[in-house]
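User: I have a protein model open and would like to go through it step by step. Can we begin with one of its loops?
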Amino acid sequence: MTQTATRGKTVLVTGGAGFIGSHLCERMLAEGHRVICLDNFQTGRRRTIAKLVDTPNFTLIEADIIRLPAISGPVDRIYNMACAASPPLYQADPVHTLMTNIVGVNNLLMLAAEKGARFLQASTSEVYGDPLVHPQSEDYWGNVNCTGPRACYDEGKRSAETLCFEYLRARRVDTRVARLFNTYGAHMRPDDGRIVSNLICQALMNEPLTIYGSGQQTRSFCYVSDLVDGLVALMEYQVNPETPINLGNPGEFTIIELADMVREMVPGTPELTFMPLPVDDPQRRRPDIRRAKELLGWSPRIQLRAGLEKTMEWFRAELPAVASQTTARISSSRP
Ligand SMILES: NC(=O)c1ccc[n+]([C@@H]2O[C@H](COP(=O)([O-])OP(=O)(O)OC[C@H]3O[C@@H](n4cnc5c(N)ncnc54)[C@H](O)[C@@H]3O)[C@@H](O)[C@H]2O)c1
């Protein structure tokens with residue numbers, strides 16, 4: 001059963017203009033909380049939160065967590081979603097990505113200590129790297145290349161987890177760490193280079209679907225509303241679990257299977273085209289979610305086909321508005 005915060009709290013959502021953060025802002029407002037959305041708009045978009053900006057309980061602060069401004073008044077909860085999540089975007093400024101996860105997370109933890117706020121860090125399955133254990137449980141320490149082009153994100157997120165657990169051990173902040181696996185749904189940028197948005201947008205624009213490598217690599221895809229349920233359940237769990245918690249959908253699909261599903265939904269989609277696999281791209285991904293089930297009573301409910309249909313419906317409305325400036329970039333972006 002999903003638990004919710006007591007009504008009327010002040011919730012800071014950093015990265016609140018991004019894909020997942022914007023859903024979280026909407027969820028917190030719907031539950032009657034005051035929301036402070038802080039974002040530097042590096043990958044987030046103003047159009048994603050446009051309808052929230054005039055809502056009475058919503059405050060937008062444009063800032064970078066690396067140079068966190070003072071925040072006046074009480075803060076009860078901090079959800080840290082701030083970090084570019086798509087490889088081409090987090091690799092565009094790798095030092096900024098790393099510092100977001102070290103300096104930025106430390107700044108937020110100091111703010112949480114000052115305010116007495118509970119803190120949830122959006123970590124990632126990338127802390128497992130290219131895993132040698134399958135499926136991945138929280139006890140697996142991972143297989144990460146610390147000098148490769150993905151390291152700014154993977155090692156950044158690992159450092160952020162370390163910071164969270166040091167603040168927790170020192171009893172300075174009640175920190176919780178969620179390890180998110182691939183998540184998809186409305187509010188994704190059409191041009192951000194993630195596999196689900198790439199394939200859907202290419203199909204809707206009648207372009208061949210780009211597959212990186214053989215397409216036999218696997219991923220598990222969680223619909224965004226399920227993920228948000230899991231984040232809130234972890235944040236509101238009465239006792240600190242003192243362990244990271246995997247949040248993801250354990251259904252495992254090859255990229256070819258995903259592409260075939262998309263092609264079935266958009267009849268007439270051209271054939272697949274194949275491109276080289278990016279460096280250090282993980283071969284297999286599937287969360288072991290027993291801990292989330294046992295502790296939080298959480299498990300995802302939306303099957304991949306149903307989630308893809310909802311996502312496709314959203315992109316059908318979204319694409320005409322942004323197609324002209326994104327067509328070229330979608331075609332050349334990476335998974
Ligand atoms: N979407 C996924 O599949 C997935 C999987 C694993 C982990 N995550 C994590 O979840 C979080 C949200 O991911 P998302 O998919 O919504 O990504 P996103 O890129 O859509 O959102 C990230 C948001 O953070 C903002 N941001 C980035 N750096 C910032 C900084 N230094 N200061 C302030 N704002 C900053 C961006 O402008 C954007 O609005 C990220 O931390 C990501 O690592 C996401």
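User: Which loop holds P135?

Analyst: This is a predicted model. The peptide bond between H134 and P135 is cis, with omega about -10°. Most peptide bonds are trans. As for its place in the chain, P135 lies in the loop between β5 and α5 (151–169).

User: Where is F41 found?

Analyst: Most residues other than glycine have a negative phi. F41 is not glycine, and its phi is positive, near 60°. The residue is found in the loop between β2 (34–39) and α2 (46–49).

User: How many helices and strands does the chain have, and how compact is the chain?

Analyst: The secondary structure comes to ten helices and 13 strands. For 335 residues the globule rule gives 20 Å, and the radius of gyration of the chain is close to that, so the chain is as compact as a globular protein of that length, with a radius of gyration of 19 Å.

User: What box do the C-alpha atoms fill?

Analyst: The box is taken along the principal axes of the chain. Its dimensions are roughly 55 × 45 × 40 Å.

User: What distance separates the centres of domain 1 and domain 2?

Analyst: The domain assignment gives domain 1 as 10–183 + 223–247, and domain 2 as 185–219 + 250–285 + 302–332. Taken over C-alpha atoms, the centres of domain 1 and domain 2 are separated by 25 Å.

User: Which elements each supply at least two residues of the side of domain 1 that touches domain 2?

Analyst: The contact takes 26 residues from domain 1 and 18 residues from domain 2. On the side of domain 1 that touches domain 2, ten residues are nonpolar, twelve polar and four charged. The elements that each supply at least two residues of that side are α1 (19–30), α3 (87–90) and α7 (224–236).

User: At what angle do α1 and α7 pack?

Analyst: I20, H23, L24 and R27 in α1 meet V224, L227, V228, L231 and V232 in α7. The residues of this contact divide into seven nonpolar, one polar and one charged. The crossing is right-handed. The axes of α1 and α7 are 10 Å apart, and the angle is about 65°.

User: At what angle do α6 and α8 pack?

Analyst: From α6 (residues 195–204), the residues I195, L199, I200 and A203 meet I255, L258, A259, V262 and R263 in α8. Eight residues of the contact are nonpolar, none is polar and one is charged. α6 passes α8 in a right-handed crossing. With axes 10 Å apart, α6 and α8 (residues 255–265) pack at an angle of about 35°.

User: Which residues come nearest to the ligand?

Analyst: There are 28 residues around the ligand. By type, this shell divides into 13 nonpolar, 13 polar and two charged residues. Those that come nearest are G15, G18, F19, G44 and L180.

User: Which element gives the largest share of the shell around the ligand?

Analyst: The elements that give two or more residues to this shell are α1, α4 (94–115) and β5 (118–124). The largest share is three residues, and the element that gives it is α1.

Technical notes
Residues numbered from 1 in each chain as written. Predicted model: local features only at pLDDT ≥ 70, side-chain atom pairs only at ≥ 80, totals over all residues. Near = placed C-beta within 6 Å. Helix = DSSP H or I, 4+ residues; strand = E, 2+ residues; numbered from the N terminus. Nonpolar A, V, L, I, M, F, W, Y, C, P; charged D, E, K, R; others polar. Domains from an automatic or database assignment. Contact = placed C-beta atoms within 7 Å. Axes fitted to C-alpha atoms, helices over the stretch in contact; angles between N-to-C directions. Left-handed = near helix turned anticlockwise from the far one by under 90°. Rg over C-alpha atoms; globule rule 2.2 N^0.38 Å.
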